[in-house]
Amino acid sequence: MDFSKFDRCHVLVVGDLMIDEYLWGEVDRISPEAPVQIVAVDSEDYTLGGSGNVINNIAALGAKVTAAGVIGTGRNGQLVLQKFKELGVDTAGVVQEPDRPTTMKTRIIAANQQVLRIDRETKKAISDATLDKLAGYIENKVPGVDVILISDYGKGVITNTLMSRLIAAARKHNKITIADPKGLDFSKYSGVSLLTPNKKEAARASGIEIVDESTLAESGRKILETVDINKLLITCGQDGMVLFQQNKAPCKISAEARQVYDVSGAGDTVLAVLGLGIAAGKSFEDSTTLANTAAGLVVGKVGTATISRQELTAALLPTRDSTIFKHKRLSDLPALVQELRKQGKRLVLTNGCFDLLHAGHILLFSASKQLGDVLIVAIDDDDSVKALKGPGRPVIRAEERVRIISALDTVDYVVLFSSEELESLIKIIRPGVLTKGSNYTSEKVLGGKLVERLGGRVALIPVTENISSTSIINNIKSSDSID
């Protein structure tokens with residue numbers, strides 16, 4: 001699929017806006033006050049949750065997105081607006097309601113495990129004044145968007161009245177609406193183009209226990225019969241998805257087996273990618289397949305996460321070239337590093353030109369990987385190599401160096417950077433260890449002091465001193481075998 005079409009898509013997302021707070025720490029003792037663990041918190045992260053995660057996924061894939069929802073006037077509400085501003089999201093439809101808390105879910109994580117979750121929220125319906133303001137905004141915005149997504153978390157925003165006005169506006173302007181439902185009664189979603197419950201939600205709404213394909217089909221048919229919708233997509237986790245349509249046989253989309261770290265937020269990714277596929281002109285069937293692929297990727301990440309076009313492209317390639325997943329842009333790193341830290345990973349960074357890979361480089365990468373869990377290799381771009389090494393360099397262009405190093409099993413991620421970006425790179429990654437070859441001294445390692453100030457250390461890896469790219473290049477030139 002040509003994902004550049006996403007650039008021209010405009011999606012309206014209506015739903016419950018939340019903030020997800022992650023507190024990271026260590027547990028080494030039990031409280032003397034009660035038989036509970038003491039978590040010594042050493043870092044914290046904040047991400048968008050609820051419909052905010054749907055919005056985050058859409059923005060990550062390059063589409064224009066407008067948010068419509070309700071937040072409070074306190075600190076958590078301001079966090080939501082700040083996150084949206086960073087993403088370039090249109091927030092004119094975000095209504096601030098005094099005395100209403102912005103939903104926050106706090107997850108306390110130690111030793112790579114969630115110890116406790118704390119929810120701060122209300123499920124009270126929004127006020128009539130807020131509803132009228134929100135509905136009026138949606139009605140004015142509908143004509144200019146490609147698709148409308150409804151992300152209902154049952155926190156009081158998606159009321160029957162709001163849904164009635166939204167659906168009426170969508171029908172008037174012939175716009176597609178897709179809803180991720182909540183609760184036992186799906187009747188308030190009557191009139192949407194597509195409903196996307198998971199298997200558990202579908203079972204509860206239909207009153208049919210889903211234990212096999214037969215009961216799944218029975219549940220799907222009952223929902224289609226009792227709710228005024230033409231299409232129903234039931235997501236089934238590791239078993240994929242099933243698309244039900246009036247007067248058509250169910251269409252099953254199988255999931256590819258992947259390592260699952262966290263299923264939280266997978267439904268948000270499905271809703272986002274499904275909506276984007278349709279906005280880009282794909283059929284419901286093709287968009288469902290694309291969303292299924294995206295869900296398979298996001299469950300391999302910890303917490304509410306997004307996916308990139310690069311990851312989707314690589315997952316859809318017939319060859320499934322895994323090296324494509326390793327290449328990251330500098331702008332990809334903040335989200336990647338956050339995800340790795342959620343998994344409790346220790347990060348190792350090494351950087352250099354790596355213009356003509358030799359045995360010394362292989363030793364460096366292998367030894368570096370043993371110092372942590374994840375090895376990130378930062379490669380100087382072509383202009384930086386030329387400035388460092390002189391005319392005629394690099395011999396191998398940046399794109400090829402990235403592919404070659406990505407093919408190594410010891411390397412987890414590769415990022416291309418310019419020399420002046422080294423400080424920013426280190427601040428984003430905050431590596432536990434920065435490695436260089438033993439031909440350097442600690443004083444000569446650029447960025448070494450910054451790494452130490454950030455709590456990491458510099459490690460010099462013993463490599464064979466008489467191996468170098470320069471000596472290889474000179475040998476090649478002397479044999480006249482270089483093109």
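I started with His327 and found that its bridge partner in β17 is Val414. This is a predicted model, so I kept in mind that local features need pLDDT of at least 70, side-chain atom pairs count only at pLDDT 80 or more, and totals for chains, interfaces and linings use all residues. Residues are numbered from 1 along each chain as its sequence is written, and side-chain values use heavy atoms, with hydrogens and water left out.

Next I checked the strands themselves (DSSP E runs of at least two residues, numbered from the N terminus). β14 (residues 327–328) runs parallel to β17, with 2 bridges between them. Strands count as paired if DSSP finds at least two bridges between them. On to β16 (residues 374–380): I found 5 bridges to β17, again parallel. In that strand pair I noted Ala378 opposite Val415 of β17.

How many residues of β17 are buried? I got 4 of the 5 in residues 413–417, so the strand is mostly covered; buried means under 20% relative accessible area, exposed over 50%, and partly exposed in between (1.4 Å probe, protein chains only).

Then I moved to Lys252, which sits in strand β13 (residues 251–253). Lys252 counts as partly exposed because its relative accessibility is 48%. Skipping neighbours within four places in sequence, I listed its contacts as Glu213, Asp239, Met241 and Val242, where contact means heavy atoms within 4.5 Å. The Lys252 and Glu213 side chains make a polar contact of 3.1 Å (N or O atoms within 3.5 Å, one able to donate a hydrogen and the other to accept it; residues adjacent in sequence count only if both atoms are side-chain atoms).
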